[in-house]
Amino acid sequence: MRNVVLLLLLWMPVCFYGYAQRAVSDTIAVKENYIRRTPVLKVLKDFETKYGLTLKYDSAALAGYTYEGIFFSASVSVAFERVCTEVKGMSCYVDDDGVYCVVPTENLPRNRTNLENKRYEGAASRRNLTVSGRIKDQTNGEFLPFATVEVEGRLNVAAITNNDGYFTLYNVPSDKETLVFKYLGYETQYFYLSPEINVQNLFVELQPAVKALDEIEVVAKREDVLKIPEHSIGVIQTTAAKIADLPALGEKDLFRTFQLMPGISASSESSAGMYVRGGTPDQNLVLYDGFTIYHQEHLMGVFSAFNTNAIKDVQLHKGGFDAKYGGRLSSVMEIIGKTGNDKTFNAGGDAGFLGFNAFVEVPLKNEKGSFFASGRRSFQSFMYDKFTSVYSENGQAAGGGGGGRFNMRNQQKPESYFYDLNAKLTYNPTKRDIVTLSFFNGEDVLDNSREGFGSSSMSGSITDKTNWGNVGSSLKWSRNRDNRFYSNALVSFSNYYSLRDRQNDAVTTSGQTAVMFDMDTDERNNLWDYSLKLDAEYKINGRNKLEFGLNYSNYKIDYRYSQSDESSILNMQNQGNLLAVYAQDRHAPTDRLSILPGVRLSYYGVTSRLYAEPRFQAFYKINEGVSLKTSAGYYYQFINRVVREDISAGSRDIWLLSDNQSIPVSGALHLVAGGSYETKNFLFDVEAYYKKLSNLSEYTLRFAPSFTGNAGYQEFFYTGKGYSRGIDFLAQKKYGKLTGWIGYSLSETRYDFPVYGAGYFPANQDVTHEFKTVLTYKPVRDLTLSASWIYASGKPFTEPIGAYTLATPNGGNMNFIVVDQKNNARYPAYHRLDLLAKYDLSFIRGIKSSVSVSLFNVYDRVNVWYREYSFDQSMGITETNINLLGFTPNITLSIQLK
């Protein structure tokens, strides 16, 4: 009941909140005396509070501007226009909502003049045009990917920019139409065509959304944090600038932002990994500037490995994705890194209780490109220690790619840190060519060694050192050959590594007998990925666009797991080549119907087989607000992160290549159907899905006959199948002073591994019910308040029913846990409330800065992470609940020059 009341309190404002703008009345006389260089911000404030004028402006951008003048009895509009024309370096214009926008003249949109917004009123001279060009950020020159372009009043005439900001818009009726440009987090731009304009090479600059609210007035065009693009199925888009508006666990986090949407599990802060519609993190293809990132988490899974200061745009495909993408069963996340400011030097950074990060942007000569670099590093503070204390006090020690749990308690703090580096060089040799060189490096280092642990019957020491991470780079050449043909050529490499060395030395005492216990564990996993990608698109006409390409990857993986030097559990080295070609046609046979048929053919050298992956998407627009959508496709995965199950110490994950023997090539069939209803301010969306999974792999020693060095441990890979099905609901308020959404997911994920017994059992990531609500509110101009609440039913786990002890070859003893059926029990339900307050500072002209206060798990809910089991012959099995983080506050200061 308490949860329901809390939900209603959080969501009631969305249902009942209304707003109204004051009408500007010229019957009110302005009587003001501004002398001695009055700050412009005070003048604007007077026009808002005293004379009811609605304004949009950025306080930081206008700090330092002054005005001198006297008004005896002027009308509001005349007085305001006088201020706009008399302040040097400042301009005003009226946007499409009739609201006055005040900006520095250098930021005035190119198709606006000071207080003028005129359409071309003459006769058209050209008909049925093809308009092409690029869309840029006005402040820094960065090109904007996935922006939309449409003809005003003709929703069927639209286009989307590609990764490099290029667009081609067909069937524009005449050269006096109005083009509408939209991008998440930017002002909507209206560009008025005329006979004099060259429509073959437009450069349109969009302005970032200014802070347009004060204590009284509201501007309705404030966009939400996450966006579902039109004519898409299972796609979510966001930008790094929007992520800062949501509550975070210490750091602005890309993955945790997406976890607030339905269909993406958010029921554990112990993992920033993406569990998309019943899938696991390794089933997600994560691309950063075209190359694959395998290490996606920091701080033992608490944060994602992506610095939001280095990200420009992100799109997540939750399922049913098209033929351009392959090699994964669940989803695709495409991350586009920032290119940097090509107009002027810029630098900035963030600092909080967990760490700091900084970035620098350097333009190349003659605006030919730019260089961007960023770095982030954690440091051990009281908050950092709060995270790591969960691992030290509760016995958790994480390894690469998902971590593991070890039954060895101590009171010493582990030493750890993480860092990541991003760099990108962009060069434009011609107006049609772009060359980019991108670099990524993220690493975690953990020293969980401790001395003198023990009890009355046992003492000893542990040396436990782990480091894991990912380094990768790509070189891409993009060319816009003409308005119809666009191509990309990319070469890349990516290296994932996980190295762990653990040595246990202990002495157990029983009466007069002392037994030495010596266990050394060495685990190493290395993955190398060298790839070549050729992608092209050819626009046949306004209704057909062909997309085709070729992908080649060479994989090499080494994995070694040994204990006590002479006991090699696993020693695997494999490599293979994967060659794939794809083709698809974006076709709109009618104004209401659009389809995307495609096929991907993959030849895998290890198995010497050709794998066909047909794909299909369709969208039908019933009317302006209602649309239907569906998709179907088959998907194969050739490189897998296999679970190495360990009941007593916790499961770990290892990357291995499919060999069609112990680890077969896994497959998935996706079926998705849904619909949406959209108005100017609201979006209601529903999608149902079904995924049939085959050839899943898992590794466990649960059925090993004994702990001896003679066992053929490579035999303990097991193959199974599964399915995931569910339905996702979303209700979103997109614009206004108060925005947000509620999401609900009903899902079921089941696996069937015959080795665990007959029939299906709940998968580890199975969550039946998951409910999320997010609110963002701006009570005043520079203040953003947001809240998120999450509820999820409990996840399954395997509960033990007994234990026994065996002697090891070196004279020690090993305890073994006996378990019941796989995932035969569930943890309690998970829920938490997070809050954020962000204030934009404007005390220095030209310097953008903000301070954020985040409160995680506000009401200090005790959520169970996992249960740890230990066995002692005198005490039997002991069960301990290991809990997730309680109430956790954080403060972050952000500063940048531009």
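**Salt bridges in a predicted model**

Glu150 is a buried residue with a relative accessible area of 11%, where buried means under 20% relative accessible area, exposed means over 50%, and partly exposed lies in between (1.4 Å probe, protein chains only). This is a predicted model, in which local features need pLDDT of at least 70 and side-chain atom pairs count only at pLDDT 80 or more, while totals for chains, interfaces and linings use all residues. Residues are numbered from 1 along each chain as its sequence is written, and side-chain values use heavy atoms, with hydrogens and water left out.

Side chains of opposite charge can pair when their charged atoms come close. The side chain of Glu150 meets that of Lys182 in a salt bridge (3.9 Å, N to O), a term for a side-chain nitrogen of Lys or Arg within 4 Å of a carboxyl oxygen of Asp or Glu. Because Glu150 lies in strand β7 (residues 148-151) and Lys182 in strand β10 (residues 178-182), the pair ties together parts that are 32 residues apart in sequence; strands (E, at least two residues) and helices (H or I, at least four) are DSSP runs, numbered from the N terminus. Lys182 is partly exposed, at 29% relative accessibility.

A second pair to find is Glu687 and Arg277, whose side chains form a salt bridge (2.6 Å, N to O). Glu687 lies in strand β39 (residues 682-700) and Arg277 in the loop between α6 (254-258) and β14 (284-288), so this pair ties together parts that are 410 residues apart in sequence. Both Glu687 and Arg277 are buried, and they belong to a network of salt bridges that also links Lys318, Lys629, Asp685 and Asp728.
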